[in-house]
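Subject: Structure handover

Hi,

Here is the structure we spoke about. Please open it alongside these notes.

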Amino acid sequence: MNKTAVITGATSGFGLAAARRFAAAGWNLVLTGRREERLAQIKDELAQASVLTLVLDVCDTEAVQAAFSSLAAPFNQVDVLINNAGLALGTEPAQACDLAQWHTMIDTNIKGLTTVTHALLPKLIETGRGASIINIGSIAANWPYPGGNVYCGTKAFVEQFSLSLRCDLAGTGVRVSCLAPGLSESEFTLVRTGGDQEAYDNLYKGAHAIQPDDIADTLLWLAQLPAHLNINTLEIMPVSQSWSPFAVKRDQ
């Protein structure tokens, strides 16, 4: 029987690229997203694979629990959970931010990720040795920047939750990894800037940023590692990205 991967946020970016990569490798897929039309298009595209699509907002606790408690064969034996659904909103300093955007990031990046994880833990533990939870973090968890505020905080949570979850799951055979990309080119930035194409183009111009396919290849590698190995945290940057000196604001 083929293995099954659950991928949240599968309608664009890393999630869509991962769906394509895992399908090509012969996996069964459970794909979630909020956009029904896109999910239908993806299912048609991946006709060579066994694909179950779920129109699902990870922030809706009851809907998440209901959806994952009723999975039927061959999707009910879950081998890999890829917690990809997440977003950043706004680039302003904290004192100029929209509180509603902060709450949306917290609800999606923290509440949503933990809800999906909690709902699928029994199935992953039942699968046991070789099963994996792969959480999409960010270099923002460890490297703050102006305007990062709550987004950076949510990704710091994802990293620490991943490490603590691994402690709790010791002895079950279930692995936990946090994959933390740096500058990545995807719809993520258009969402963050409210659809500002100029800002998107300026950010990536000449940067040779990480592409969704790069992350998809890495996710498949993590999922297919020998069962006795666990990658705890994996941070990836494009070669063009590195660290800046500390900012020092001086009196005039």
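A residue counts as buried here when its relative accessible area is under 20%, and as exposed when that area is over 50%. Keep in mind that this is a predicted model.

Helix α3 first. This helix spans residues 61-69, and Val64, Ala67 and Phe68 are its buried residues. Viewed down the axis of α3, the buried residues fall within an arc of 85 degrees, so they line one face of the helix. The general rule is that an α-helix has 3.6 residues a turn, so residues three or four places apart point the same way. Glu62 and Ser69 are exposed and sit on the face of α3 turned away from its buried side.

Next, α4 against α5. Helix α5 covers residues 149-168. The two helices pack at an angle of about 15 degrees, with axes 8 Å apart. That angle is under the 35-degree cut-off, so α4 runs roughly parallel to α5. The crossing is right-handed. On the α4 side, the residues in contact include Trp102, Met105, Ile106 and Leu113. The α5 side includes Tyr151, Phe157, Val158 and Phe161. By class, this contact has twelve nonpolar, five polar and one charged residues.

Last, Ser186. Where is Ser186? Ser186 lies in the loop between β6 (175-181) and α6 (187-192). Ser186 is buried, at 10% relative accessible area. Beyond its neighbours within four places in sequence, Ser186 contacts Gly13, Tyr200, Tyr204 and Pro212.

Best wishes

How values were computed: Residues numbered from 1 in each chain as written. Predicted model: local features only at pLDDT ≥ 70, side-chain atom pairs only at ≥ 80, totals over all residues. Heavy atoms only, no water. Buried < 20%, exposed > 50% of the residue type's maximum accessible area, 1.4 Å probe, protein only. Helix = DSSP H or I, 4+ residues; strand = E, 2+ residues; numbered from the N terminus. Arc of directions from axis to C-beta. Axes fitted to C-alpha atoms, helices over the stretch in contact; angles between N-to-C directions. Parallel < 35°, antiparallel > 145°, perpendicular 65-115°, else oblique. Left-handed = near helix turned anticlockwise from the far one by under 90°. Contact = heavy atoms within 4.5 Å. Nonpolar A, V, L, I, M, F, W, Y, C, P; charged D, E, K, R; others polar.
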